[in-house]
Amino acid sequence: MKVLLINYGTSNINSIYNSLKKMKKVQIFVNNFNIKKYDKIIFPGQGHIKNSIDFICNKKNIYEYINNTHILGICIGYHLFFEKSEENLSTKCLGTFKENISLLTNNCCLNTYSPNIGWNIVEIIKDHKIFKNLPKIFYQYFMHSYSSIYSKQYYSYATSKFNNRIFNSIVIKDNKFLFQFHPEKGGYYGYQIIKNFLNL
């Protein structure tokens, strides 16, 4: 299995790279856009929305990959597939999901402005085979300030709560599987969901 791992130049890909190395029969390619077809593509977490979108949008074969390959987007790799992000509203993203990414850490009524960093609950609200061998509720590791606010979207498959706001911790549409959390840092269940993605 050929897996393309994208490095925007500002992200730390070591954790996800090491997680993939534990999987059997996986060949990992980092920023190799010359191969015409991959089995899976991973957009990892960490980075700024503008720098990340600027990096990927002029890459050879990128739109063919996005349309025809199973995609795993993690954290900032999740945000790239929405219309825009409040992190930088002048940056146009890929627009697969017709919604903007919102800031979660501005609840002045609770006097909380810190990002969501640490372990938090993920609650599955809709079944999918990517959840094989996972409980309905499990903990994963988060590190973010922005996300998609839950409003019963058809593409919402799991939710989490931070700053008294419910957000979409997993969204799925067609070939795109986007996680707000970092499964590569998420212990057994994180490893399992990566494995399930590779087995799709």
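**Notebook: strands, rings and cysteines**

**Entry 1. Strand β4**

I looked up the partners of β4 and found that four bridges join β4 to strand β12 (residues 176-179), the two running parallel. Strands here are DSSP runs of E with at least two residues, helices are runs of H or I with at least four, and both are numbered from the N terminus. Two strands pair if DSSP finds at least two bridges between them. In this pairing, I74 stands opposite F179 in β12.

I note that this is a predicted model, where local features need pLDDT of at least 70, side-chain atom pairs count only at pLDDT 80 or more, and totals for chains, interfaces and linings use all residues. Residues are numbered from 1 along each chain as its sequence is written, and side-chain values use heavy atoms, with hydrogens and water left out.

Then I turned to strand β3 (residues 40-43). Four bridges join β3 to β4, and these strands run parallel. K40 stands opposite H70 in β4.

Is β4 mostly covered or mostly open? Four of the five residues in β4 (residues 70-74) are buried, so I wrote "mostly covered". Buried means under 20% relative accessible area, exposed means over 50%, and partly exposed lies in between (1.4 Å probe, protein chains only).

**Entry 2. An open sheet**

I traced a sheet of three strands. It is open, its order is β5-β6-β9, and its pairing is mixed. Which strands stand at the edges? They are β5 (82-85) and β9 (146-147). Each has a single partner strand, so one side of each is left without a neighbour in the sheet. Two bridges join strand β6 (residues 97-103) to β9, and these run antiparallel. I found Y146 in β9 as the bridge partner of L103.

**Entry 3. Aromatic rings**

I used this rule: rings of Phe, Tyr and Trp (its six-membered ring) pair if their centres lie within 6.5 Å. Planes under 30 degrees apart count as stacked, over 60 as edge-to-face, and the rest as tilted. How many aromatic pairs does this rule give? The count comes to 16.

I checked two of these pairs. F179 and F181 are stacked, at 5.1 Å centre to centre with 10° between the planes. Both F179 and F181 are buried. The rings of Y188 and Y189 have centres 5.4 Å apart and planes at 70°, so that pair is edge-to-face. Y188 is exposed, with a relative accessible area of 54%. Y189 counts as partly exposed, at 31%.

Ring pairs also link Y78, F82, F97, Y154 and Y155 into a cluster. F97 turned up again: the charged end of K173 sits over its ring, 5.9 Å from the centre. A charge sits over a ring if NZ of Lys or CZ of Arg is within 6 Å of the ring centre and within 35 degrees of the ring normal.

**Entry 4. Cysteines**

I searched for disulfides, meaning pairs of cysteine sulfur atoms within 2.5 Å. The structure holds zero. C57 is in no disulfide, and the nearest cysteine sulfur, that of C93, is 8.3 Å away. C57 is partly exposed at 31% relative accessibility, whereas C93 is buried at 7%.

S156 lies in strand β10 (residues 156-162). At 1% relative accessibility, S156 counts as buried. Its side chain makes a polar contact of 2.6 Å with the side chain of N168. A polar contact is a pair of N or O atoms within 3.5 Å; within protein, one must be able to donate a hydrogen and the other to accept it, and residues adjacent in sequence count only if both atoms are side-chain atoms.

I6 lies in the loop between β1 (2-5) and α1 (14-21). I6 is buried, at 0%. Leaving out residues up to four places away in sequence, I6 touches several others, among them I13, N31, F33 and P44. Touching, or contact, means heavy atoms within 4.5 Å.

G77 lies in helix α4 (residues 76-79). G77 is also buried, with a relative accessible area of 0%. Beyond its neighbours within four places in sequence, G77 is in contact with Y8, F43, P44 and L178.
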